[in-house]
Every structure is written in C-alpha cells, then in structure tokens.
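Please brief me on the two ligand sites in this structure. Keep it short and group the points by topic.

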Amino acid sequence: APIKIGMSMPQTGGLAGGGKASLLGIEIWRDDVNAKGGLLGGRKVELVVYDDKSSASETPAIYSKLIDIDKVDLLFAPYATVPTAPIMPMVKQRGLLLIGNFSFQVNSKVGHDMWFNNAPWGPADSWATSYLDIGQKAGGKSMALLSADQEFAQNLAKTAREVATKRNLPIVFDQAYPPNTVEFSSIIRALKATKPDIVYVASYPPDSTGILRAVNEIGIGDSVKVFGGGMVGLQFGAVMENMGSLLNGVVNYNTWLPEKSMYFEGTREFFDKYTKRAVEAKIDPLGYYLAPFGYASGQLTEQAISAVGSLDQKALAKYLRENTHKTIVGPIAFSADGERKETAVLQAQFRGVVDKNIEQFRSSGKQVILFPDHLKSGELVAPFEAART
Amino acid sequence: MSLSETQAPLLRICALTKRFGGFTALHSVSVDIRPGERFGLIGPNGSGKTTLINCISGAFRTEPGTIMFRDEDITPLQPHLRTRRGIARSFQIPRPFRSMTVAENLMVALDFAAHEHVSVAQRRDTMMSILDQMGLGSKANVSATQLSQVELRKMELARAMATHPKLLISDEAMAGLSSSEVDEVLDLLLNLASRDITIIMIEHIMQAVMRFSERVMCLDAGRIIAIGAPSEVMADKRVQEAYLGT
Amino acid sequence: MALSLAINDLDAGYGAVKALRGVSLHVDAGETVALLGTNGNGKSTLMKCIAGLVRPQRGVISLTIDGATHDLSRLSTEEIVDLGVAMVPEGRRLFPRLTVLENLMLGAFRKAARRNIDRNLAVAFETFPVLKERQAQLAGTMSGGQQQMLAIARALMSSPRLLLVDEPSVGLSPLLVSQTITKIGELNQHLGLTVLMAEQNFNQAIRIAGRGYIIVHGEIVVSAGSVDELRGNDIVKRLYLSGAA
Amino acid sequence: MFSLDLLLDAVVIGVLLGCFYGAVSLGLSVSFGLLDVPHVAHPAFLVLASYAVYFLNENYGVDPLVAGLVITPIFFLLGLTAYRLYYETFEKRGSDAAVRGIAFFFGVAFIIEVLIILQFGVDQRSVSASYIGKAWRLGDIRIPYRLLVAFAVATVLTMLLTLYLSRTFMGRAIRAVAQDQEALRLMGANPIKVKQWAFGIATAVLGISGALLIIVSPVDPTLDRAYIGRTFCVVVMAGLGSLGGTLVAAIILGVAESIVLTLFGASWAPAISFAMLLAILAVRPQGLFGRRS
Amino acid sequence: MKRNGVAFWIGAIIFLAAVLVMTQVVDNQYPFFAGYVILQSIALAVAWSILGGYAGYVNFGTSAFYGVGVYASVFMVTAFGAPLPVQILTGAAIGALMGLALGLLTLRMQGIFFSIATIALTIVIETTVTNWRYVGGAAGIQIQRPAVTPPFDSYVQMLFFVQAVLVVLAVAISRYIQNSWIGRGLQALRDDELAAECTGVPTLRLKLLACVISGSLMCAVGAPAAMYLQYADPGSAFNLNYSVTTLAMSLIGGTAHWAGPIIGAILLGTTQQVLTVTISSEVNLLVLGLMLVLFVVGAPEGIVGLIKKLRANRKEGKI
Ligand SMILES: Nc1ncnc2c1ncn2[C@@H]1O[C@H](COP(=O)(O)OP(=O)(O)OP(=O)(O)O)[C@@H](O)[C@H]1O
Ligand SMILES: Nc1ncnc2c1ncn2[C@@H]1O[C@H](COP(=O)(O)OP(=O)(O)OP(=O)(O)O)[C@@H](O)[C@H]1O
Ligand SMILES: CC(C)C[C@H](N)C(=O)O
Ligand SMILES: [Mg+2]
Ligand SMILES: [Mg+2]
C-alpha cells in the first residue's frame, strides 16, 4: 500500500499563488521519492490534496476527512497561517505529526510537540532583529512602520514594535493600511513627512507593488537608510519581473536566492525540474520562495521515515526534533516549539535590476544577501536613494 | 342638517400647507368634515386634491398644519395607524399587491385593519360580499396583475372598504366607467354612507359629484375657491372658469 | 395621403382568458371612430392588438397607407409605430423618472418624427400649457390629470397618421376633457389625422366622432354608421345615457 | 501629524483616486443605474478587460491605454452577447428579476474568475508604460501620472456618455427603457435592442476602465470581489443613473479615503468612507443626484 | 393547517432525535465536521429569507451578521470564558440589535439602496473588528475549547447537535411567519409599501420584526463557529462567500415557501462540501458559478416553484 500524505492547499483565493508553487515543490519531491522506489521498502508516496480556498473555515472539515475517511499516514499543513491555525488544536488533540508550511507562530499558543515548520523563520523576533540591525548599522535612528491590516503582516509589525522599543528606537510612523487599498500615494506622502531613517514595511503581494510604485513616484526622502523588510510578494517571479528597476535598493526578507551560498545537495536539480513544470502549470516560473521548502518538507519526512523505519508518529516526531536534517534549502534543526532553531530568513538588497526581464533573477548578484552572516554575499548600499540607481 | 352642523367635526383640517421643493401644492387649507357627511372634492388637474388625500392618509408628511380625526390630533401618526383609526383611501393610480390574488389583496386589509376579531371564515364572507358588491366576485382568485385598469380601480375601492373605515376617501374611483357603471358605484357609496360612513369623493364626473355630495369643495392651485352645497359651488363663477369651462 | 385600417375576424386574449372574439371593424382615412363598451369588454385589448402589444390569436389587421397594405398582426410594435401609428395607452405609461420634456422628446423617437420636433412641441405646449410650465418636473410627480395630458402630448410628438387613444378623458377635469376632445378633433381636421378612440364619456366622444362601435364581452355588437344611430341605440341608452343624460 | 501640506496633498490625490473609482464605475452606472440589470459581474468583466490589456501589453508591447481602446469594440460585442444571453435565458421570463439576477451574475462572475485563472494563472499581473511609476511635480506636490491618466479618462468618458445619453434619441431611450418597456415600444423603439445596445456600451466602457485598473494597480483573478462594494456604492451614492453624479460620488469617496489614509488611522479608511455612504443614504435615500418619483 | 403543524413538529422531533442518535453511534468525525457546515448553511439561508424572501429586502450583509456572531463568541470566551449557550445567546442578542439597526435603515431605504447599504454596513463592521485588538484584530485569535459536555464525546458532535437545534428553531420561526398575518403583511409591503401602510399594515414594525429575527438568528448561527474553528480572523469570519452563497441557496430553493431555503441550502451546501473533497481546485468555483446560472435560469421560482409548477401541470393533465 502507498504511504498517503494528506494536506489542504490554497489553490483559489488570496493565497493561491503561494499555495500552488508550494504544492509543486511537494509534488516534485513525491515524484523523486517514487522514482527512487518509494519508502519503507517500496511503498510509493501518494498525496491527497484538497483546496481550502485560502479560508480558515474550510480546513477543519478537510483535515477531518483526511484523518477519518482517507486515513492518511501523515499530514502536511496548508500554506500560510490562516488556514493552518484552525487545525492546530485538532492535530494536537489527536496526537498527530504535522509538518508546517510557512505559517507564522501558529504553535505558540497551542504548544503541540509534534509540529515542525518548514519555514526558515526561527524565533519570532529574529526577523525584525535582523532588519533593524542592518538599518541601525547604516546609521538609522528612527523607524517608520507600515503594515497591512492582515494576519501575517500584523504579527511582523508587532515583533518590530517590540524590538524597536527594546532598543529605544523611536517609532515615528506606525500605520496599518486596510486590505485592497488601491492607492498608496497619500500614505507614502504622510510617511515621508515624518522623515524616518528606517522604513519597515510588512505588506502583502498586491500592496507591495502599489507601495513601491508610490515610493518611486512620490519619493521617500533622503533620510531613509533602508527600506523594506517584510514585503511579501517581492519574492514572486511575476511581481519581480513587472517591478523591474523599481526594486533596486529595497532590502527585503527572502527564503532562498540563487546566490552561491544557497546551493546545497539537490538544489540545482530541483530547480531544473521545477522550472520545467511551473511553466506548464502557469505558476511562478522562479519559485524561489516556497517551492524548495515544499520539497524540503518532503525530505524531512523522508529522512525521518527512513531512520525510524515505520510510520509511527511519535517516533517520527522524536527523530525530527532531535536531529539536524539535510535538505535542498540547507540543514534544518528544530527547537522545542517546532520552529527553526536559528533563523534562516535572508535579508537581501535588490541591485542592478532592469525592467521586463525575468531571467535576470536567475543569476546571482541581483539580490545581494546581507543576512545571515554565513550566507552573506555583499554589503549594504545606503542610503536608500543612493542604492536605487 | 342642523344637527350635523352642531356636531363636532369628524375630520378637521387646519391650515394645511404642502410644498414640493419650491412649489406649493396646498396653501394653508382648512376644512371640517362632519360625521356621516358625503363630501365631494373637485378642482382642476393639479389643483392639489390627491395631495390633500395623501396628507390625510399620512402618505405625505405635512409641514405646517394639523389634522384632527375624531378629536384626536393624527398629524404625527403613520398611515397604518390612521387606517386603524378608521381612515381608508383608494389610490388614483392603482397600487395593487401584485403578487397576490384579488381576494388576498382584500385579506390584507381584513387581517390588519379590521377592528374586531373575527374568524377566518367570517372574514372570507365579508371579503366576498365586498367583492360582489364591486362586481369583482368572479375575479376573486385572479392575480391582481390580470385586471383591466378599471377593475384595478374597483379593487382599490374594495380594499379600502375592507378596512371597515369610518372615513372613506375615494380618489377618482369612477374614472373610465360608463354612466351605468358610475351609477352602480354611486349606489354602493350611497349605501355605505347610509351606514354612517363618512365619504370624501374626488371625481371629475359632474353627474356623480352632483348626485352624491351633500357638500362640495373646489380647489384651485392649492387653495379652496368654493365650498358649499353642490348647486352653489357649480354656480360659482370662479369654479366655472377654472374647472367646468362653461 | 390615404390611410385606412381594417380589422377582420380578430381573436385575442391572455392565456386562458379570451378578450376578443371575431372582431371586425374598419377606420377610413381622416375618420374619427369611437369604440364604446363598459370596462373589461376588450377595448384596450383591441387597441393593443392594433399597436402590436398583444398578438392576436387569429384574424387580420390591415393598415393601408398610400396604397400599400401592411398586416399589423405580423409586425412588431416598433414597426407599427414607424408606419405612423401612435397610441395613448390607458394608465398613461409615462417614464416617471424622466422629465416632462424628456418624455415628450421620446415621443419623437421614430425617424419620421424627428424633423418635426419643434412644430410638434409647439402644438403640445399650446394644447397643454401646463406642460410648458412643468417641462423640468419629473413625470411621475405630476398630478393624475397632468400625466394624462403628457401622455396625449407625447403620442402627438411622433407625427402620427393614425392615433389610437385609449380613454383620453380619464382623470381630466371637465374643462380639460372638452379641450382635449376638441384638440383631437382639430388635429383630425387640420392634419388629416385618423383617430380610433375608446372613450366612456359618450357625450364628449360623439362631439368629434363620426361613427362608432360597441363592444360587449369581446364581440362587436353594434356598428353604428352615424352619431345619431349611436344615440338611438338601446345599449348606448342603457349604458351611457341613463340618469344623467 | 497634521499639516496643511499633507491635507492639500491628500485632497489632490483623493480627487484623482476618486476619478479612478468613477471611471471603473461608469459602466455600472449605465448597466445597473439605468438598465436596472443587477450586474454584480461588472467588476469581473472589468478584471477580464485588465487581463486582456495585460495580454496585449505583455505580448505585443501595446501601450495599455491603446490596448484599452483596441479591446473596446470587442468588449462592446461581448456586452451585446452577454445581454442577449441574459435576456434569452433569463429576463424574458420576468419574475422578480432583480434578486435572481444578482445570483445569476454572481455565477457569471465566478465563471469569469475561473476562466482567467485557467488562462493566466493566479499570480498578480501588471503592465508597463512610460507613464507608470513616474510623477508630475507641481510645487511641493507630486502627482503620479497614472492617476492623471485616470483623471483624464474619467472626465472625458463621463462627458461623452452624459452627452450621448441626454442629447441623442437612443440615449434618451436608454434612460427610459427600465422605467416602462412597453411604453418605449409605443415610442417606436425596441426595448430589447435598446437595452442590448446600452449594455454593449456599458461593457465597451469597461475596456478602457480595465486598462485604467491595471495601470493604477496590479490585478489578480479575484480582484473583482474587492470592487463589488466599491463600484456599487459609488453608483448608488450618486443616485441611480446619474453619470455626472457617479463621478462626483466617486470623488467624494476618493477624497474621504485619501484623507483618512493620510491623516488618521489608515486602517479605518474603509469604515469611514462606507459609513459616509450610509450617512448620505440616510439623508438622501435616492442618492446624491437621484431622481425620485 | 393544524394537521400540518402537528406533522411539522413530529418531523422536527424525529430530525433532532436522529441527529442525537447519530452523535451517539457514529464514531467517524468527518460526517460531523461536514454536516456542521451544511446545517450552518441551512440555518443561515432560512434566517436570511425571513427578511430577503418574505419582505423582499435583499440583505447582502449575511457575512456581517455571521462574523459578528463569531466575534461575539470570541469576546465572551476571551473576556469571561463563557460557555457555549451563553455565547450563542450573546450572539443572538447582538444580532437582534444589529437587526434593529438594519431595520432602521429600511425606514429610509428600499430596494437596491437597502442592499447596498448592507454592503456598506458589512465593511464598516468588518473594519471595526479588524481594528479591535482585544479580539485579535487583523492578526486573528486562537481559542481553546473547554471540555465537552456529556452525552457527547467530541466537541464537534456537540456543535453538530447544537446547530441542528438552531436549524429547527429557524425553520419553525420562518414557517410560523409565513403562515401567519406577519407573512401576509410582509408580502404586502414587499409589493407596495405605501399601499400596505394605507391598508393598515404596520410596515415599519413588521420590517423591524423581520430584521431583528433574521439578524438574531444569523448571529446565533455564527456564534458556535468560533468553537468549531477554534480560531477567528476577520477575513474568514466576514467572508463575502457567506453573503453570496446564502443568497444563492435561498434563490435556488425558492423564497416563496419556508422549505425553499432548506432545499437550496442542502443542495448547494452538500455540493460544495463534496466538491471541496473531490474536484478541489478552481474548477470547484466554476461548478458553483454554473450551478448558480443554470438554476436561476432553469428554475426561476426556485426548486419549490418548479415543484409547484410540475404539480399544477399534473393536476391539469388529469382533469
Ligand atoms: N412629488 C412631487 N413633486 C413635485 N410636484 C408634485 C409632486 N406631487 C405632486 N406635485 C404637484 O402638485 C400639484 C398637485 O397635485 P395633485 O396630485 O394633488 O393634483 P390633483 O388635484 O389630484 O390633480 P388631478 O385631478 O389631475 O389628479 C400638481 O401640480 C403636481 O404636479
Ligand atoms: N394582462 C392580462 N392578463 C389577463 N387578463 C387580462 C389582462 N389584461 C386584461 N385582461 C382581461 O381581459 C379582459 C378585457 O380587458 P381590456 O383591458 O381589454 O378591457 P377594456 O374594455 O379596456 O376595459 P376598461 O374599460 O376596464 O379599460 C378583462 O376581462 C380583463 O380582466
Ligand atoms: C505570505 C507568507 C509569508 C505567508 C505567511 N506566512 C502567512 O502565514 O500568511
Ligand atoms: Mg389626483
Ligand atoms: Mg381599457
């Protein structure tokens, strides 16, 4: 019998873009494993995937179906926090292993000890810490915070506030803009008027574009040393291609980039396969952001199953917790809460990007990694205005 | 007559004014209607007759002016409360409940405005007798959308009657009827009046107004230009000029 | 400038309801013909058949204009209107949220009428001065009688050659009834307009009508060749001349 | 945080943003405001137009505005067909058309969404043009060219449509058709053809509106949902069928939104502007420029 | 009428008994998870059509009521650790107040203006909740379930039963309204409000009544969802989908009869549940879209109307 892995994945609605890319990563892993002859002595891996429409209200029923009807052997979480949150209590209550998929701090309240997130987040505040480090090193003395009024961005904003307070960094501007905001000119103008040194933006895909455009049109002022931080969307091929040179200078978080330091065993092969299949499936042709981590989810499982030699959930969890795992996104080790022991979130600066060319992003140097130190591939160019040309 | 003159009025309209934007449709109209009276209301087109009815029935809010009904100030009351107090009206341009049959149209009135509690069967009887009187008996179970214009107007009147009014206002219910039909409806109204129902009748059909009314009032451009016995009003020069054209 | 209407053995109705049975009548060029009958007998249905708003189940409605004959029962309302037929429908059927003037302008929609807008508008305003005063008022807020005037004026805006009028006097004050009837008579005389008029106000109707039909339960029961013949008819006496005659 | 400068800036941007809202609502002002077709798929057509513009821009480098003009005739035909379909399958049968129509058009909107996804995928798309990403300096104020384009398009479109609807016979027929179809027949106009024509125009306008949408901000297949509230509110606030009113209402909405974004808590912007709509409707239930009978 | 009433209540009791038995004998959890969602749809559709069907006031704000129900529970749990019945009652009470506010809107607005006002109201409320940090704000909030009350052995089974009770309640109310003077009054005011007033129908009071009942039911239906999901975020709680599908369910079923929304909700709700775990891709949405179009076109009076017509045809054929 095959080994069934069940999950829901947003394939329609706001999170569909990420969901589809992530799923493709997982599917590539499945095909690789099966090509190698499967697991546990020849059992093929089969995925059972349902669309959760990017909504929290769909996932409880879906996971109940996966567990009680489909009787899957293992569970993966859907991409992102919102659909994942409602199933956390359920898997905890039933004592099931769950491989997380880019959700943010969903386990902090639930405290499930069989949860392992594939995302490189690490401790909750590491993200803000690394960005503010960069900003302060560049001479930043004040911070402006612009965030989307949505789940994930608000979590980022919260940690940023905490870190700033701890460091006595004054927050001169702090606004949450509503979803579906069309025009950012007014907000950027107001932000600019506060003359901040560091601008931390926690935004969602459509807004990231709008914000960058407005920054380009309205200007952001010479005071700004660094701009960016938590802009979701600037990792997606379609967005990057379209923004083109507007991206230059922005320092933003990332998960994987085609810099030398980021290639591990299997990484290159993975992207070869991905690129081919993504075009057919009309999803993100680059797929740096989520797809390799989907693959890594599979690798984690694969290694745990091979080591334990069974599908015993407790044993698998124990193995995952206690070991460091080799994946195409680098070695992964988990801390007690199921997040990465150390953050592997990159902060990278866009450089020398030209318009209308998606292929340019495949070469190194377009996004120079500034953090973490062991992956660093260049130095920050500041102030922001200077880095733009 | 002398008796009714000393009686307190059933309806007292006091200095009623109604404006639409800059246009004044009624200029400080005052009039008393006595209990049991048959009151004819005439006036050229656009003189404010329907507007006055709308103010009495509560469809329009009046700005200055008060309306007293049986010694109660009903000016602040909503239309349905006025209906329950006993004021019923028909609409000049018919407003049936389109999703209902003719019978159901009347049932609404019986359900909501009828004063005493009666059984469903009794209500059905009342309804059928009203419909028969109006010559709509055969149309009871027909959808209101299938009536001809005149039938619709008859249904308007029937529905108003079904509310058991003390004051019935008929807004051109006879328009478009042949004179024999006019006579039928007139008999009906006279019959109602004989049962102590006060009736205000708006009509342009002079024969009907003359036959029906004890008193006639003529409006012109929102002002009362004549009021009194039918023959007096008809003889009034201003009425002849503005209205009759003779 | 010859126009005549001939209806032959017409049946019409609404679903199960039969409203017209074997109706035949004719209106010759320049005539004014009255259609009498108490309510619910099918006058409006007949008018609607001529205007193409109701499809007859059987029979022919032929309109002959300048020698050419058209079977109206096969044409759509738009085509019929284009031939120069205008109707004042019962219940006015105005466009309540358009102004008086906009309603009138719509009356001139048909191509042949667009040239004569100024002239027709002048006629309309002269006939019903209140319309001129209230040009900018929304039609739906006009009084009942004012709306009736607007409906008549609107029909005239299309420079019709055959005018179908369904109870023009409904809701008009006595003064206006006679003015309106007179006006229709004038149009008939001066413009050679052919008129078919359903009207309950018998005394007014015969002021301008040359002859008339009486319709009872969907059938033409009397076809009177002259006004006197109409007056002398028993049915007419019973229906229209009782009491107040 | 308050300064006169910022306020002025917010007002200017707000007016322009309002023009943009007006432009994307214009078609609806015709199809819904005048024809009484409860066209909740209007924003879906809008997004479809954006994707069409994107397609032309991406593959043939056509300027988005030009692309918008190019697809206008196609959208006109699309409108004709869409109305025909709506009429044949639906309107012809009468029966409380408004409510059912809403369900019908939601269905249509979903179908369009899926078709876009199947063709273009779920990623967001945008276009490039020389005027996107640049701003015009006016003293201290900088105005993005994108918004100026929106301003120009909105005013020109509104003017043309208003003229068309008030000065031509067809235009007047379009304004009358929803009020009494049979009476319109008696004027010699075929109400179905009038409606179809009007729907064609309403949809054709969407061609250009769609271009504006993708010029102003990137689009994704489900963006239409965000615009249902906005466009319908603009049309209703204006008073059904008043095109000039649509523009004014949209500008009021835009300015309110912009001022709140700039000077107060940005996250309160939607609440404020829609609360304002409620307030306006409470005072004038027929909308700002609505006719009431 | 009387006999019908007895039959209805016997049916309702059998239904509740069956649900209860099901929670006791069925071990598999999935039927309860999926069933809960379907029952929720039924209750929402029935509640919606009290105002939208009988009175003809099309409320686009189902999601607002549902969402407020969810957040009423979230608040009661966060602030007082309130038990489920209290959550539901709070939801119902707040829903009644919201319904009252909505009813006041009908004072001034009719037809489509009213519908648009409900959209505006939804956005205002959602924005307010989004800015209300105490219940998690935009970031959402996770909630802990308390222990389950016997005789149920899982919380979702209990919620399933509770939702079934709400369905019966909603249907009973809706049915009562349809068959009483309230129903006739609502129908009259739907046709012509002024004429109804002048015929003695207290339109405002009836509208308020319909709004309050409909609103309070919709909020009550939303309330247990907080415990069902153990998580709430404004985006999901105020999802436009609730408004659209509720409307669609009522129309597909038919609004003229109380059974219409039930049939529509069962049909559409079940289809959606099945699609979610079968086709499960954007094609899912396509099917929903096609269903909407086809049903609205093919059964203009809803399924109930279709059945009526078929029956009438059969009768005619026989005679
Ligand atoms: N809502 C409104 N807005 C503007 N003017 C109005 C409105 N309603 C009525 N009017 C005007 O008020 C005047 C009085 O109208 P009303 O309907 O009372 O006349 P009426 O005496 O009933 O006439 P008729 O005999 O023709 O029915 C008319 O000139 C009419 O145009
Ligand atoms: N749309 C309809 N559907 C069904 N029956 C109708 C419809 N319109 C009219 N009828 C019926 O057809 C018959 C003839 O109606 P019609 O309107 O032609 O009468 P009429 O002579 O014009 O009467 P009136 O004097 O009332 O205007 C009436 O019995 C009427 O009830
Ligand atoms: C956009 C991504 C970073 C997703 C995010 N982690 C979320 O949970 O919503
Ligand atoms: Mg009047
Ligand atoms: Mg008639």
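This briefing takes the ligands in turn, after a word on the model.

This is a predicted model, where local features need pLDDT of at least 70, side-chain atom pairs count only at pLDDT 80 or more, and totals for chains, interfaces and linings use all residues. Residues are numbered from 1 along each chain as its sequence is written, chains are lettered from A and ligands numbered from 1 in the order in which they are written, and side-chain values use heavy atoms, with hydrogens and water left out.

**Ligand 1: surroundings**

- Residues from chains B and C surround ligand 1, so this site is shared between chains.
- The shell around ligand 1 holds 22 residues, each with a heavy atom within 4 Å of the ligand.
- B:Lys49, B:Thr50, B:Thr51, C:Ser143 and C:Gly145 come nearest.
- The shell splits into five nonpolar, 14 polar and three charged residues. Here Ala, Val, Leu, Ile, Met, Phe, Trp, Tyr, Cys and Pro count as nonpolar, Asp, Glu, Lys and Arg as charged, and the others, Gly among them, as polar.

**Ligand 1: contacts and cover**

- Polar contacts are pairs of N or O atoms within 3.5 Å.
- A polar side-chain atom of B:Thr50 sits 2.6 Å from an oxygen atom of ligand 1.
- Backbone N or O atoms also take part: one of B:Gly46 is 2.8 Å from a ligand 1 oxygen atom, and one of B:Ser47 is 3.2 Å from a ligand 1 oxygen atom.
- On its own, ligand 1 has 640 Å² of accessible area, and the protein covers 89% of that. Such areas come from the Shrake-Rupley method with a 1.4 Å probe.
- Strand E2 (23–33) and helix H2 (49–57) of chain B, with helix H7 (144–156) of chain C, each give two or more residues to the shell around ligand 1. Helices (H or I, at least four residues) and strands (E, at least two) are DSSP runs, numbered from the N terminus.

**Ligand 2: surroundings**

- Ligand 2 lies between chains B and C.
- It is surrounded by 18 residues, and the closest are B:Ser148, C:Gly40, C:Ser44, C:Thr45 and C:Glu90.
- Three of the shell residues are nonpolar, 10 are polar and five are charged.
- Helix H6 (149–162) of chain B and helix H1 (43–51) of chain C each supply at least two residues of the shell around ligand 2.
- H1(C) gives the largest share, three residues.

**Ligand 2: contacts and cover**

- A polar side-chain atom of C:Thr45 lies 2.4 Å from an oxygen atom of ligand 2.
- For B:Ser148, a polar side-chain atom is 2.7 Å from a ligand 2 oxygen atom.
- B:Val150 uses a polar backbone atom, 3.5 Å from an oxygen atom of ligand 2.
- Taken alone, ligand 2 exposes 630 Å², and the protein buries 89% of that.

Conventions. Polar contact = N/O pair within 3.5 Å; in protein donor to acceptor, adjacent residues only side chain to side chain.
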